[in-house]
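Welcome! Here are a few exercises to work through with the structure open beside you. Try each task before you read its solution.

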Amino acid sequence: MLTHIVPKFEKGRILKTEMLENLRDYPRSFLDIRYQDYSNGIITGMNVTVGEHTLTVGRGIVKHKGRLYLLEQEQEVPYTATGRLSVLKIRFQEEQSTADFQQHLGNICLKEEGVNSQELELGRFKLKTGALLRSDYVDFADLATEFNTFNLIQVQHAGTTGPTLSPYIFKMFARELISRGTSDPFDLAFTMLCLNQGFIEREAVLHYLSSRSGAAYRDYDSSKLHQVLARVLEEKGGRRVNAGTARSGGQRMLVD
């Protein structure tokens, strides 16, 4: 049976447990149903703003092991230059139970270590002493710059066919591809998809790359997927863009 039940809070009526339960359960049930087919990862929001000494994580929703977690107020995380890999992430805690609540919590932290199954990455960087951390990217390939750049490539966003990359990455790719000029129907269809959709399924990206190249369908990890997309931009000419280019110190590295 389908339902649409709204409790009636009116003068003279007795406040019943069922009425309060409706208010408690409806928002959670709605979100659980809405995102039941999504993988683990960021559902929406959780955008990171880079400041001079702090990283500010905006409000958002993430999914982890089938549960939805809400960040209702933005949170600041201080950072310093170490020259080593620093990963901004959510660390999910074990269930906590009290007399009033059953809690599943996640803490945002910055650690010099990788990400395990109980964590979700929000970004990473290697900041040299005396340098400024930046998130204003020169071009699509610049997303992978190793030092002094906030890197979004490993951030896992939720999709219905599996985790995918940040919508920001795909929109940046689409805008650069259009600016370089293309008449390829696969390119045009994919750029419109990137610019119009809130997120792009990883499967759609892989089919696009397979179709435009005539090669067999092949899966890639996030780093390799960024590199392959960067090569698509290289083919369009203009200023040469090399995936994996390290711009700090003026050095360049080409990745096969």
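Helix axes are lines fitted to C-alpha atoms over the stretch in contact, and the angle between them runs from 0 to 180 degrees between N-to-C directions. Keep in mind that this is a predicted model.

**Exercise 1.** Find how helices α4 and α5 pack, and decide whether α4 is oblique to α5.

*Solution.* Two packed helices are described by the angle between their axes and the distance between the axes. Start with α4, residues 202-213, and α5, residues 222-235: their angle is about 40 degrees, and their axes lie 12 Å apart. Angles under 35 degrees would count as roughly parallel, and 65 to 115 as roughly perpendicular. Therefore α4 is oblique to α5. To finish, note the handedness: α4 and α5 make a left-handed crossing.

**Exercise 2.** Which residues of α4 and α5 meet, and how do they divide into nonpolar, polar and charged?

*Solution.* From α4 come Arg202, Val205, Leu206, Tyr208, Leu209 and Arg212; from α5 come Ser222, Leu225, Val228, Leu229, Val232 and Glu235. Sorting the residues of this contact gives eight nonpolar, one polar and three charged.

**Exercise 3.** Work out the strand order of the open sheet and say which strands stand at its edges.

*Solution.* The three strands follow the order β10-β7-β11, with antiparallel pairing. On average, neighbouring strands are turned by 15 degrees against each other, direction ignored. Now look at one pair: seven bridges link β7 (residues 85-92) with β11. For example, leucine 88 has glycine 123 in β11 as its bridge partner.

Methods
Residues are numbered from 1 along each chain as its sequence is written. This is a predicted model: local features need pLDDT of at least 70, side-chain atom pairs count only at pLDDT 80 or more; totals for chains, interfaces and linings use all residues. Side-chain values use heavy atoms; hydrogens and water are left out. Helices (H or I, at least four residues) and strands (E, at least two) are DSSP runs, numbered from the N terminus. Angles under 35 degrees count as roughly parallel, over 145 as roughly antiparallel, 65 to 115 as roughly perpendicular and the rest as oblique. A crossing is left-handed if the near helix is turned anticlockwise from the far one by less than a right angle, and right-handed if clockwise. Contact means heavy atoms within 4.5 Å. Ala, Val, Leu, Ile, Met, Phe, Trp, Tyr, Cys and Pro count as nonpolar, Asp, Glu, Lys and Arg as charged, and the others, Gly among them, as polar. Two strands pair if DSSP finds at least two bridges between them.
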